Each structure stands twice: as structure tokens, then as C-alpha cells.
Amino acid sequence: MEFFNKVNLKQFKTLKYITENVQDDHIMCKINCELRSDKIDTPFYLDTEVSISHCTGTYNKGILHAMDVFKHHRMYNITENKYNEIKDIIESTFTQDNSHIKTELSEKSDIIKIEVMEVSDLKEIFNQYQEFFDIIDELA
């Protein structure tokens, strides 16, 4: 466990590395980011969850076998300035409709849910939203 005290895992750099080195075209990837400003004790915070599952095949429209490959959840207490910076990027970046992305934007909460089933789609998401992912990784 001493190793983890010396390492600060960058969620999206790790996810991108896995994506670039996967041997199969079919994976299930879920990315959830929630930016909130409503708690009294920690007024500005960000929750991120990333998971990758691999399916070995399908049979009669069902999954034969699924395996969790990577799962990571991180919670950040952030400053008001960082909160406003991330909120501005979310509101300017995630305005386009995308079949893989669902957004719920409100005054106190911004929620982004990304779900892809192909490596090529995930690579496209990384290219399109790289600035957003980099800002979150810089928080770690």
C-alpha cells in the first residue's frame, strides 16, 4: 500500500493509456462527472467516476462474459475559482448534442454522463474534450 502513497493516479491519462493500448475494438466505458455547489461544509466539489468493462462476446443479443477492467472514483473539494473555471468549460464545451453524452446543467449542479461501447468512439471523445479532462487530472 506504500506505493499508493507515492503515486497520484491521473484518471483520464490512465483511461487514455488503456484506450490506446487495448487490443479489442469493443469495450464499455462510463465516465460520470458531477460538479456541485450546495454543501455547507464543502461548498464547491467535483465527483468523478470512470469505469471500463470488457465483453468477450455476445450470444442471442446477450453478453457472454463481462469483466471490469478499470474502476476509479475520486472526490475533490475545490476552490470557488476552480469551480467557476470548470463550470465555464462545461457550459461552453458540452453544448453540442452527442449520442454518447448526456448532460444535466443547473444552477447548483452540472452532471455529465459519457457512455461508449467502441474504442474509436472513446478516442474521439478524448480528442474533443481533452481540455476538460486535463483540467480534472490537474486537480489530482
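A: Glu91 and Lys87 lie 4 residues apart in helix H3, so about one helical turn separates them. The model is predicted. In it, the side chains of Glu91 and Lys87 meet in a salt bridge, at 3.4 Å from N to O. Their surroundings can be given one by one. Glu91 is partly exposed, at 37% relative accessibility. Lys87 is buried, with a relative accessible area of 12%; the cut-off for buried is under 20%.

Asp110 forms a salt bridge with Lys87, and their closest N and O atoms are 3.1 Å apart. Here the pair ties together parts that are 23 residues apart in sequence, because Asp110 lies in strand E7 (residues 109-118) and Lys87 in helix H3. Asp110 counts as buried, at 1% relative accessibility.

Helix H3 spans residues 80-93 and holds another pair, Glu85 and Lys82. These two form a salt bridge, with the closest N and O atoms 3.1 Å apart. Glu85 and Lys82 are 3 residues apart in the helix, so about one helical turn lies between them. Glu85 is partly exposed, with a relative accessible area of 33%. Lys82 is partly exposed too, at 21%.

As for the total, the structure holds 4 salt bridges. Those described here include Glu85 with Lys82, Glu91 with Lys87 and Asp110 with Lys87.

Key:
Residues numbered from 1 in each chain as written. Predicted model: local features only at pLDDT ≥ 70, side-chain atom pairs only at ≥ 80, totals over all residues. Heavy atoms only, no water. Helix = DSSP H or I, 4+ residues; strand = E, 2+ residues; numbered from the N terminus. Buried < 20%, exposed > 50% of the residue type's maximum accessible area, 1.4 Å probe, protein only.
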